[in-house]
Amino acid sequence: MKHYNIPIFISHFGCPNSCVFCNQKKINGRETDVSLEDLKNTIDSHLETLPKNSIKQVAFFGGTFTGISMALQKEYLETVKQYIDRGDIQSIRLSTRPDCISMEILEQLKSYGVKTIELGIQSLDPVVLAATDRRYDEGVVETACSLIKEYGFELGVQIMIGLPSSNLEKDYDTAKKCLDLKPNLARIYPTLVINGTELEKMYLRGEYKALDIEEAIERTKKIYSLLELNGVNVVRVGLQPSQDLTSEGVILAGPFHPAFRDLVENRIYYNFLKDIYKYEEKLDIEANEKIISKVVGQKAKNKQEFYPNFKIRINNCLGVDEIKINGRNYRRNEILSREL
């Protein structure tokens, strides 16, 4: 059955932290910018268009949900719970910080139908955490994840590559440590320099150098492959190209691309094809139509690279996790393993 998120973007104006990459506004006297009426209107609007026979989940994104007051959390959760009780919504997911998790919080979340908790871990390297002003250590993350799993929630982790003081080794090491936390799902976000952030000042002072697209692809494909090979569902790679993000002057620097995940997938398949081509000097490919674009590459770049010795045809008898090249079948895990 098809799954849909109903996104509710909550800015947490009362957040006591000031991470260098974040541009959350601080407004005295207000915790957030989403009223209960806004919440209802957003849910009602989505329910009018989403298929009746589908799984729907209200998703609180954009801020530190469990960092707002317990009373306001409860008001949001009670509002959504009415839809759950009617069968219009199946569950709730939210994103928050590792240092905003406690047994009291989890008890309340559990009682109102929260299914998934995503933690913005970003990095597990102490130097990177200090450089980004995250103000927690690996032990806090481990405790939060352990509690979330203990209470029976689905655990998600969010990793950022290219943060200040990071490098390929540190980013990859964070991904390896995340595997020990037993997450169900993950998101990978390349760091962007956003207008109005401390990172913008660091960038303008020459204290921070943003990754370019090529560097971001190289780092991400390795982490992406590691997570998927270990059974972690990578639900997003790269930031959603929202109107706020794509408006002129919002992104000053960094590897933003509206189809960043496709670029990563294209590179993974290109590298695998290149290894085969090196020895066999031809690529006669059969693949399921759902992965043809990954194999051919964006703007047919992979196909052009091996032309005229590149031939491909659709074979829907093959699954999306396999491909036939020069008469031999390869599984996706073989393709991903090449990146490690």
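Tutor: The dialogue below concerns a predicted model and treats its sheet and then its helices.

Student: What makes strand 5 and strand 6 a pair?

Tutor: Two strands pair if at least two bridges are found between them. Strand 5 (residues 154–161) and strand 6 (residues 185–190) have 6 bridges, in the parallel sense, so they meet the criterion. As one example, V157 has A186 in strand 6 as its bridge partner.

Student: Why are strand 1 and strand 8 called edge strands?

Tutor: The open sheet has 7 strands in the order 1-2-3-4-5-6-8, with parallel pairing. Strand 1 (3–9) and strand 8 (233–237) each pair on one side only, and they are the edge strands. Neighbouring strands of this sheet are turned by 20° against each other on average, direction ignored.

Student: How do you know that I105, L106, Q108 and L109 are buried?

Tutor: The term requires under 20% relative accessible area. In helix 3 (residues 103–111), these four residues are classed as buried, so each lies under that cut-off.

Student: What puts them on the same side of helix 3?

Tutor: They cover an arc of only 160° around the axis, and therefore they lie on the same side of helix 3. The buried residues of helix 3 pack against helix 2 (70–86), strand 3 (91–96), strand 4 and helix 5.

Student: Where does helix 5 lie?

Tutor: Helix 5 (residues 138–150) lies across strand 4 (114–122) and strand 5, and runs at about 170° to strand 4.

Definitions and conventions: Residues are numbered from 1 along each chain as its sequence is written. This is a predicted model: local features need pLDDT of at least 70, side-chain atom pairs count only at pLDDT 80 or more; totals for chains, interfaces and linings use all residues. Side-chain values use heavy atoms; hydrogens and water are left out. Helices (H or I, at least four residues) and strands (E, at least two) are DSSP runs, numbered from the N terminus. Axes are lines fitted to C-alpha atoms, for helices over the stretch in contact, and angles run from 0 to 180 degrees between N-to-C directions. Contact means heavy atoms within 4.5 Å. Buried means under 20% relative accessible area, exposed over 50%, partly exposed in between (1.4 Å probe, protein chains only). The arc is that of the directions from the helix axis to the C-beta atoms.
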